[in-house]
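Please look at the sequence and the structure below before reading on. The report then goes through the parts of the complex one at a time.

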Amino acid sequence: MTYHFQFRDVLAYWPSLLDGIAITLMLAVSGMAGGLLVGIVGAAARLYGPRPLRLLAVAYVEAIRNTPLLVQLFLVFFGLPQVGVRLDAPVAAIATLIVNVGAYATEIVRAGLQAIPRTQLEAGHALGLSGIQVFRHIVLVPALRMMFPALASQFTLLLLATSVVSFISVEDLFHTASIIESRTFRDFEVYTVIGVVYLAMALACRGGFALLYRLAFGRR
Amino acid sequence: MALVEIADVTKRFGPLTVLDGISLEVERGEIIAIIGRSGSGKSTLLRCINGLEPIQSGRIVVDGVTVNDPKTDLRRLRQRVGIVFQSYNLFPHLSVARNITLAPTVAKGMPEREALELARDVLRRVGLEDKLSAYPDQLSGGQQQRVAIARSLAMQPTLMLFDEITSALDPELTGEVIKVLEDMARSGMTMLLVTHEMGFARRFGSRVVFMHAGRIHEQGPAADTLARPRTAELEAFLGAVLH
Amino acid sequence: MIRSFAWIDVLFLVSALRWTLALTAAACVGGGLIGAIVALLRFSRLAPLALLGAMYTQLVQGTPLLVWIFGLYFGLAIFGFPVDAWTAAVAALSVYAGAFLGEIWRGALAAIPKTQWEAGASLGLGFGHQLRYVIAPQALRIATPPTVGFLVQLIKDTSLASTIGFVELTREGQTTTAATFQPFAVYLTVAALYFVLCFPLTEWSRRLERRLHGAR
């Protein structure tokens, strides 16, 4: 029995696909933004905080990095209500993503700040600059330049990883795929189309970030 | 027939012409010291001789084999031309013995036992027979360079190329390497050296070739040319180097 | 009949770990094979081969693992090649791992200085011999820390096999939750089990990294 490809059936659902794309992007952007803030706080705690705070930061990072995102999601959405914290699916999804990205961002920001050699700081102080001035003029830009590629690739990874939220019924792109599949039964076409869409988004991100990097940090 | 025939060779790196119509012949047993400022093309010339760098025009023939012919099997040519680099380039993950026996066993199919004997032999020639099972990072710069020389000798080449082999060494370590070069010279090996070691050039060199701006500016018998330079550029160069 | 979350359930969860490990091991073999091929392709001097390797890497790294899992499990079935959850999961994980491992190993090969290639070539060694005796052994040392680090990622990714019904640790967690109605305790235990598996590897990778860069 031969199989006839029918992409048209799937592509007819393009409004749903667009909705799914929008949700996915929203999840990724809010996850990244929140995660970056958490990362900055975490890195600061890790580098400059008192010992208990530093240990807490380390524990947080290690706990997140050594457990799967799916399990974290289930813990937040299914587990927390048991201890009194009841979150809607979209809120649970974003919260989990922020906490997840936050751990990776902590490490990235920490590495970026630590990459500035002590000798640079000493030179700054020796010239009579204050702590804040040293940070702003000597540390910040090189550190950002250092962190940018890692953060950019983290965003792309996040964009693809948001697909797990479909399993707590958040209507992202992957969830849309299941809906279309249940209506058309065109499994192969559905997942091919979804794959292409994700790929297009990922490539667009990569290209966009590369351009941004060149504009912001390019050689004069 | 000369061992090395370089005829009207031109080499460019993009817009930059590094070798500009070089012609040179080297007879068997000759020891040629190639001297000149950085950027004069000396190292590039050496690297063209064993095919590490391609040339844009001209011809290089080594022991009857045309190096720049695309049909030439460079691999087999390189088994007959030894080259020692400024940064030794020993294989850090292999012992001294294995560094030396690798090419003879793998490329020439020599049996392990014979190769090991050969390794002992060449190490004796460079004065390091007790370092057979040592690793490169356990050796000093001078010792590593001598192992590099031994490694090339193990392939029993007809021609040896040396690319500033003492330039990266601390002064007190160059003596041991020069001694190896002197032994090699006495044994009749054909040697082309890009070098700053004027003492060695004067004592053992048959000819000195002075390169300037990609051309052979002056050449002649070693001791003579170094003592009585005919061109202003060579005189200036020697003045700067020998002060 | 709801039962309470007891030690027996913890034991069930621990036994499900076997399948997590089995998936990881199988994906290592499959992914390792693909990764080696991809790394060599991308390192090849023939442009079409290098391009093939690059395109594979871009494709796989630009699509979610879930798409591969679902695509292979449901998509192939429609074609008339029904695959069971294990096969689909292993295949998807292998494809995924192959791209990332290929990238890591290509990077390690590229990190070996050109002078090592030249030294080998100058002694009369061909490309194959150079790769086998001089370059690859050195690249192996450089590749080990990131490879171990990726292993951790792979273990975590096996959790996605639960979505097509394969009974590894996460799936067992879902089943246990349904039976005990204690999602918090259950998923916390599941997370702890993954942690016990992953953390030692993460630490080992860090130690290898330090030894590699501190040794000089």
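## A loop residue and a strand residue

Where in chain B is the place of B:Asn89? B:Asn89 is found in the loop between E6 and H3 of chain B, in a model that is predicted. The phi angle of B:Asn89 is positive, at about 55°, although this residue is not a glycine. B:Asn89 counts as buried, because 24 other C-beta atoms lie within 10 Å and a residue needs 20 or more of them to be called buried.

Is B:Asp8 buried or exposed? B:Asp8 counts as exposed, because it has 12 C-beta neighbours inside 10 Å and the cut-off for an exposed residue is 12 or fewer.

## The overall form of chain B

Chain B is built with 9 helices and 10 strands, and along its principal axes its C-alpha trace spans about 55 × 45 × 35 Å. For a chain of 243 residues, a compact globule would have a radius of gyration near 18 Å, and the value for chain B, 18 Å, agrees with that expectation.

How many of the 243 residues of chain B, as a percentage, count as buried? The share is 47%. When contacts in chain B between residues at least 6 apart in sequence are considered, 62% of them join residues that are at least 24 apart.

## A sheet in chain B

Chain B contains an open sheet of 6 strands, arranged in the order E6-E7-E8-E3-E9-E10 and with mixed pairing. The edges of this sheet are strand E6 (81-84) and strand E10 (215-221) of chain B, and each of them has a single partner strand, so one side of each is left without a neighbour in the sheet. On average, and with direction ignored, neighbouring strands of the sheet are turned by 15° against each other.

In general, the strands of a sheet pair through backbone hydrogen bonds, and the pairing is either parallel or antiparallel. Strand E9 of chain B, residues 207-212, runs antiparallel to E10(B), and 6 bridges join the two. Within this part of the sheet, B:Val209 stands opposite B:Gln219, a residue in E10(B).

## How the chains meet

There are 2 pairs of chains in contact, and of these it is chains A and C that share the most contacts. On this interface, 31 residues of chain A are in contact with 31 residues of chain C. Helix H3 (51-65), helix H4 (69-79), helix H7 (131-161) and helix H9 (187-217) of chain A are the elements that give two or more residues to the side of chain A that touches chain C. Which of the elements gives the largest share of that side? H9(A) does, with 9 residues. Sorted by class, the side of chain A that touches chain C has 22 nonpolar, 6 polar and 3 charged residues.

Chain B also touches chain C, in a contact that takes 18 residues from chain B and 15 residues from chain C. On the side of chain B, the elements that give two or more residues are helix H2 (74-78) and helix H3 (96-108) of chain B, and the largest share, 4 residues, comes from H3(B). By class, this side of chain B has 10 nonpolar, 5 polar and 3 charged residues. Chain A and chain B, by contrast, are joined by no contact, and their closest C-alpha atoms lie 23 Å apart.

## A buried methionine in chain A

A:Met201 lies in helix H9 of chain A. A:Met201 is buried, because 20 other C-beta atoms lie within 10 Å and the cut-off for buried is 20 or more. Although A:Met201 and A:Ile21 are 180 residues apart in sequence, their C-alpha atoms are 9.0 Å apart in space.

## Confidence in the prediction

For the complex, the predictor gives an ipTM of 0.90 and a pTM of 0.82. Chain C has a mean pLDDT of 91, with 98% of its residues reaching 70 or more. Among the elements of chain C, the lowest mean pLDDT, 87, belongs to helix H3 (residues 65-79) of chain C, and the highest, 95, belongs to helix H4 (residues 85-110) of chain C.

Conventions. Residues numbered from 1 in each chain as written. Chains lettered and ligands numbered in written order. Predicted model: local features only at pLDDT ≥ 70, side-chain atom pairs only at ≥ 80, totals over all residues. Contact = placed C-beta atoms within 7 Å. Nonpolar A, V, L, I, M, F, W, Y, C, P; charged D, E, K, R; others polar. pLDDT = per-residue confidence, 0-100. Pairing = 2+ DSSP bridges. Axes fitted to C-alpha atoms, helices over the stretch in contact; angles between N-to-C directions. Rg over C-alpha atoms; globule rule 2.2 N^0.38 Å.
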